[in-house]
Amino acid sequence: MKKQYQKGWLFVTPVLLLVAFNALIPMMTVVNYSVQETFGNNLFFWEGMGWFESLLNSDRFHAALGRQFLFTGLILAIEIPLGIMIALAMPKEGFWVSICLVLMALPMLIPWNVVGAMWNIFTLPDIGLLGYLMNTTLGIEYNMTQSPFAAWVTIIIMDVWHWTSLVVLLSYAGLVAIPDAYYQAAKIDSASSWAVFRYIQLPKMKQVLTIAILLRFMDSFNIYTEVFVLTGGGPGNSTTLLSIDLVKIALGQFDLGPAAAMSLIYFAITLLVSWLFYTLMNKQDSN
Amino acid sequence: MAKITLSNLRHSYYPNPKVPEDYALKEIDLTWDDGGAYALLGPSGCGKTTLLNIISGLLTPSEGRILFDDADVTALPPDQRNIAQVFQFPVIYDTMTVYDNLAFPLRNRGVDEATVTRRVNEIAEMLEVDDMLKRRAAGLSPDNKQKLSMGRGLVRDDVNVVMFDEPLTVIDPHLKWKLRSKLKELHQRVRATMIYVTHDQTEAMTFADQVVVMQDGEIVQIGTPVELFDRPTHTFVGHFIGSPGMNILPCKVRGDQAFFNGQQVLLEGPTNGEGGIVEIGIRPEYVKIGVGDIEAQISKIADVGHHFVVEARVGNTKIKAIVIGEAPEQGATVTLGFRQNQTRLYRDGWIASQAAGVGA
């Protein structure tokens, strides 16, 4: 019985090798570093769970993790409802559809470090369009290199500007897939537009929204380039998200052991939250 | 409940219709009596669904008026017309329970909860879904989902008309029959005007007291199923209804006598009109093999179980006959006879012969 499946391995092997080289082997290197101490010269000493323990007890890590969850939570809370609203407002047919879609897709086509640089210049108080407008024209003090609050507002707005489109496009795809008969039936049942949203559009968009939330969670939780280019983690450490802190430890201080331990915990958190979210959504579906 | 009158109705999907072909509906004048069971029958694209959507208010006609009893509702939106519509694909509210689905149209209209409970239970019992009221609607089978969308229409006891737009399309064949008889039973219980749109003649004939046959945006004939079968007023109806449809044979006419392939064919009675393209219409049920004097060659035989459908050729013309019992052999030369009182004459597509004893 088993015999006929043996050939399957031949087909899977190339993929397995590829995954091994670009994921498993680098990952094992990280695991290797995370349990050792090195002082250079390729000399390694066994450290056991030491790095993990000290990291989990470190205030610096807690603070970065807190900032990371705050950032992800805020952008999800803004981008998902905003994306749904824009998708609902977009035309369903006609000339403007393609124009809206292209406009929506534009921000996503811009490379991440360019996004960071753009917003950096945009917000400069002396020459940036937004910075000048706020400080000089409107008289509102706005300098993200000095005020942590301004820095936070800027990174949130930047991410919303860059990635709400993804939620819009996914929601829009879910919306246009709803057959007309649903809207017609709702009309005949004299459902309010809120009821149409609550009982037709939202349930029909659930699948794509799950994907949207998952993608936005993973991407924003791992965000590095844009924020690094914009604020460099500052002022002070106020916008030092997990990834920025990780790079500081790994490349700035060259503490390979703690950095490796941190990567693994970072990875585990991303994986765990994504898995929990996805499983819960699916479980709710099958009930 | 209401009588529905369609008056000089025309509809086009183009902004500036000019030629008749631009119209999806051409000049419809029709009255649906209160409490009747109607079927709207026709091939795909003949304007059935357009007509239905105009009655329900999902479409506004380009020209003409719709009256419910004596009130003009042409400009009213669907929710103010008090109608119900069941769509081709079951429309249910996935996240709600069966109960909430049925209660939805009532609650939206601000009906008090006690009445809601009474009506929902009544309808659920009628539709035989009362054992699943607490279940989430998303998990139902297609036929139960379709029952549920019917139920949402029937739950309001004041609906003017319930419309069905090919409601059995997604239902398994063995359940179609069940659901169809359920519909018929429902009609007898609630006595609401019902309009059933379909391209399936069996569905139309079993459901309706009156069948409206449409073609290319026009009504071709209105009649009981028996009338449509016996005396199609147009060759289209003759061909569309029946399995297989009516044989339409080219012929020549001299006086009241018709000649097919050079031989005289006795018609049911006197003819009217003159000129035009004339054709003989005879249902396969009334073509007899082995009697009469039209020579033909058997070209095809299909065994459909209870009888044979035999196709014979006279020159280039094919004639179908239904044979019960023994079928002739393929390729054999036989003679065909038409039963006289079922042999009709059509002029330019419309009936031009009268039954013997009727008229002069």
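In which sense do strands S6 and S7 of chain B pair, and over how many bridges? The views below start there; this is a predicted model, where local features need pLDDT of at least 70, side-chain atom pairs count only at pLDDT 80 or more, and totals for chains, interfaces and linings use all residues. Residues are numbered from 1 along each chain as its sequence is written, with chains lettered from A and ligands numbered from 1 in the order in which they are written.

**View 1. S7(B) and its neighbours S6(B) and S8(B).** Met163(B) has Ile195(B) as its bridge partner in S8(B).

**View 2. S7(B) is largely enclosed by the rest of the structure.** That's because 5 of its 5 residues (161-165) are buried (20 or more other C-beta atoms within 10 Å of a residue's own, C-beta atoms being placed from the backbone). Val161(B), Met163(B) and Asp165(B) cover one side, Val162(B) and Phe164(B) the other.

**View 3. The open sheet of chain B has 6 strands.** Their order is S6-S7-S8-S3-S9-S10, with mixed pairing. S6(B) and S10(B) (218-223) are at the edges with a single partner strand each, so one side of each lacks a neighbour in the sheet.

Methods
Buried ≥ 20, exposed ≤ 12 C-beta atoms within 10 Å, placed from the backbone. Helix = DSSP H or I, 4+ residues; strand = E, 2+ residues; numbered from the N terminus. Pairing = 2+ DSSP bridges.
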